[in-house]
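Please open the model in your viewer and keep the sequence panel beside it.

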Amino acid sequence: MEELAEHGVFLPPNMQGLTDEQIEELKLKDEWGEKCVPSGGSVFTKDEIGRRNGQAPNEKMKQVLKKTVEEAKAIVSKKQVEAGVFVTMEMVKDALDQLRGAVMIVYPMGLPPYDPIRMEFENKEDLSGTQAALEVIQESEAQLWWAAKELRRTKKLSDYVGKNEKTKIIVKIQQRGQGAPAREPVISSEEHKQLMLFYHRRQEELKKLEENDDDSCLNSPWADNTALKRHFHGVKDIKWRPR
């Protein structure tokens with residue numbers, strides 16, 4: 001939907017990736033693009049990838065899409081866990097309804113049937129051969145892992161973590177046959193960044209101290225520990241020079 005806000009609706013599959021000259025030479029026409037015009041008119045913003053028609057919504061309508069996307073992301077964000085909020089399928093459906101409503105506001109005539117946003121709303125999107133397909137795990141092929149152990153379906157959770165109801169664990173979903181997932185880092189990326197920044201500052205401070213390590217003060221009169229003895233012997237400020 002962020003791409004929709006920036007570059008308009010999807011081009012027909014037979015026009016994607018082609019240059020303007022190739023489209024003109026092949027006499028191809030984007031019929032759905034002419035029907036699916038955003039409210040308030042469009043602003044041309046060329047899609048360098050060549051997947052969308054470049055007829056983007058105006059700034060006001062663009063913000064409607066982007067704001068709704070941010071709200072939907074917040075509903076399913078990992079920060080919900082930190083706030084103690086359980087994400088349910090109802091919340092996911094509400095987020096999808098909000099996204100669907102925003103698209104209807106900006107595109108009253110709807111989207112082309114081949115646009116992945118419309119296909120997702122209608123639950124018809126085909127992910128075959130895409131990177132996104134690797135992120136989808138069928139329930140029958142899913143495994144839960146915790147502490148390098150597979151949580152088997154035939155056992156109870158208490159068999160692994162005990163019977164304390166206040167125990168909190170973080171499990172990972174893994175595709176069957178892929179083995180145990182990688183362990184979580186001991187410190188987060190933000191903590192690692194702060195640690196590296198602290199050591200860098202410390203090294204800079206030590207470097208400055210080394211540069212300021214001046215021993216010239218040792219030649220000062222007040223630093224001479226034999227000055228008192230020479231004063232009483234009357235040999236103060238004796239200078240030697242050849243005749």
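The stops below begin with the chain as a whole and then turn to loops, salt bridges and surface patches.

**Before selecting anything**

This is a predicted model, in which local features need pLDDT of at least 70 and side-chain atom pairs count only at pLDDT 80 or more, while totals for chains, interfaces and linings use all residues. Residues are numbered from 1 along each chain as its sequence is written, and side-chain values use heavy atoms, with hydrogens and water left out.

**The whole chain**

Show the chain as a cartoon, and the secondary structure comes to 10 helices and 5 strands, where helices (H or I, at least four residues) and strands (E, at least two) are DSSP runs numbered from the N terminus. Of the 243 residues in the chain, 21% are buried; the terms used throughout are buried for under 20% relative accessible area, exposed for over 50%, and partly exposed in between (1.4 Å probe, protein chains only). Switching to a surface view, the accessible surface of the chain comes to about 19600 Å², and 54% of that belongs to carbon and sulfur atoms; accessible areas come from the Shrake-Rupley method with a 1.4 Å probe, and for residues only the protein chains shown count as cover. Among contacts with a separation of 6 or more, 61% are between residues 24 or more positions apart, a contact being heavy atoms within 4.5 Å.

**Select Glu3 and Arg51**

What joins the side chains of Glu3 and Arg51? They meet in a salt bridge, at 3.0 Å from N to O, and this pair links distant parts of the chain, with Glu3 in helix α1 (residues 2-7) and Arg51 in the loop between β1 (42-44) and β2 (55-57), 48 residues apart. The term salt bridge stands for a side-chain nitrogen of Lys or Arg within 4 Å of a carboxyl oxygen of Asp or Glu, and by this rule the count comes to 13 salt bridges. Glu3 is partly exposed at 39% relative accessibility, and Arg51 is also partly exposed, at 31%.

Glu122 and Arg118 form a salt bridge whose closest N and O atoms are 3.0 Å apart; Glu122 counts as partly exposed at 35% relative accessibility, and Arg118 as partly exposed at 26%. Moving on, Lys193 and Glu190 meet through their side chains in a salt bridge of 3.8 Å, N to O. Because these two residues are 3 apart in helix α9 (residues 189-211), Lys193 and Glu190 are separated by about one helical turn. Lys193 is exposed, at 53% relative accessibility, whereas Glu190 is partly exposed, at 43%.

**Select Lys62**

Is Lys62 buried or exposed? Lys62 is buried, with a relative accessible area of 13%, and its place is in helix α4 (residues 59-75). Leaving aside residues up to four places away in sequence, Lys62 touches Ala5, Glu6 and Pro57.

Most residues other than glycine have a negative phi. In the loop between β3 (142-146) and β4 (149-151), Ala147 has a positive phi near 55 degrees, and Ala148, in the loop between β3 and β4, has a positive phi near 60 degrees. Ala147 is partly exposed at 45% relative accessibility, and Ala148 is partly exposed at 48%.

**Two surface patches**

Patches are made of residues with over 30% relative accessible area and no salt bridge, like charges being joined within 9 Å and nonpolar side chains (Val, Leu, Ile, Met, Phe, Trp, Tyr) within 5 Å. Select Asp20, Glu21, Glu24 and Glu25, which gather in a surface patch of negative charge; Lys and Arg count as positive and Asp and Glu as negative, with His and the chain ends not counted, and the place of a charge is taken as NZ of Lys, CZ of Arg, CG of Asp or CD of Glu. Asp20 is found in helix α2 (residues 20-26) and is exposed, with a relative accessible area of 51%.

Val186 lies in the loop between β5 (172-175) and α9, and Val186 is exposed, with a relative accessible area of 86%.
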